[in-house]
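Please open the structure in your viewer and keep the selection panel at hand.

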Amino acid sequence: MSEMLTIRNDTDLLEEEEHHSLRGREFGFWLFLMGDAVIFALLFATYVVLSGNSAAGPTSQQVFDLSHTAIETALLLVSSLTFGIASLAMDKGHGRAVILWLLITLGLGLGFLVMEVLEFRGMILQGAGPDVSGFLSAFFTLVGMHGAHVAMGSIGILVMIGQVMTKGLTLPVRSRLNRLGLFWHFLDIVWIGIFSVVYLPGVM
Amino acid sequence: MDHTDHTEHRSLGTYLTGFALAIVLTAIPFGLVWTGALTGPAVYGVIAAAAVIQVLVHLVFFLHLDFKSTPGENLFFLAFAAVLICIMVGGSLWIMFDLHHRMM
């Protein structure tokens, strides 16, 4: 009887330790996101300062296509919702539903990336590459940085699908999935800034 | 089931509410720019207001920030980042546009 009790206490203690360690990681990840927000904010400031300097090259009115941006916006926004639904499935412990919704989220994220690559490619082909003017350098840096984040997030989703399949919804896997969710929703917030600062004023 | 602090606060309702609000707050600036219904500085005002509100909507409904369940230090560093961003972005724009103005 007493042996049973000590074993129980040991596992309790271990679980407590794990909780503690995961909480620390979640806080650390939050600090990373805030630092990332500062980096993006400064890239926004750089873009705003340089956006008028098209150096006799193409201007923003000539290279931006608002309907293209609208579809990208929709893809990211819906992917935020589907990641949210994956998180809810995780709370309920439905592993298969988590994988399904993560796959949908991944598809939407990859769709966004494909559209962005097509946009960049089209711009470079029509002579509006990052080397043309201050405006285009700042544009490719800011939007490309966001795209790189989405690419890393997509890899993260792929890794987490693998972890849910092989390890199941264990405590560390749940914590990682929560952190990845924070990252994914954060990227959608940065995109709000991009369409509000770059594309909408750019086509006016 | 409540392994983490924020699990109990999220539900399909909050995500759908956030999603609906985000669609409205995205559609307003896109619609204005698309149709050209409004011109001049007023458009920038609407775009900026919609963006700020949408960021708050995402923070509350997708990232589930609130004053009760979110750890205080997380909110503290969010506020710290916000202040830092205001000083650095505001300061950069102020200096650069002032310089631009003086060079004309």
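A residue is called buried if 20 or more other C-beta atoms lie within 10 Å of its own, exposed if 12 or fewer do, and partly exposed in between, with C-beta atoms placed from the backbone. By this rule, 39% of the 204 residues of chain A count as buried.

This is a predicted model, in which local features need pLDDT of at least 70 and side-chain atom pairs count only at pLDDT 80 or more, while totals for chains, interfaces and linings use all residues. Residues are numbered from 1 along each chain as its sequence is written, and chains are lettered from A and ligands numbered from 1 in the order in which they are written.

**Select chain A.** Its secondary structure consists of six helices and zero strands, where helices (H or I, at least four residues) and strands (E, at least two) are DSSP runs numbered from the N terminus. The pattern along the sequence is accordingly written α-α-α-α-α-α.

**Select A:Ala55.** This residue lies in the loop between α1 (2-50) and α2 (60-63) of chain A. Although A:Ala55 is not a glycine, its phi is positive, at about 50 degrees. Is A:Ala55 buried or exposed? It counts as exposed, because it has 12 C-beta neighbours inside 10 Å.

**Display both chains.** Here 35 residues of chain B are in contact with 38 residues of chain A; contact requires C-beta atoms, placed from the backbone, within 7 Å of each other. On the chain B side, the elements giving two or more residues are α1 (12-35), α2 (41-61) and α3 (72-103) of chain B. The largest share, 12 residues, comes from α3(B).

**Colour chain B by domain.** The domain assignment, automatic or from a database, gives domain 1 (1-70) and domain 2 (71-104) of chain B. Their C-alpha centres lie 22 Å apart.

Technical notes. Contact = placed C-beta atoms within 7 Å.
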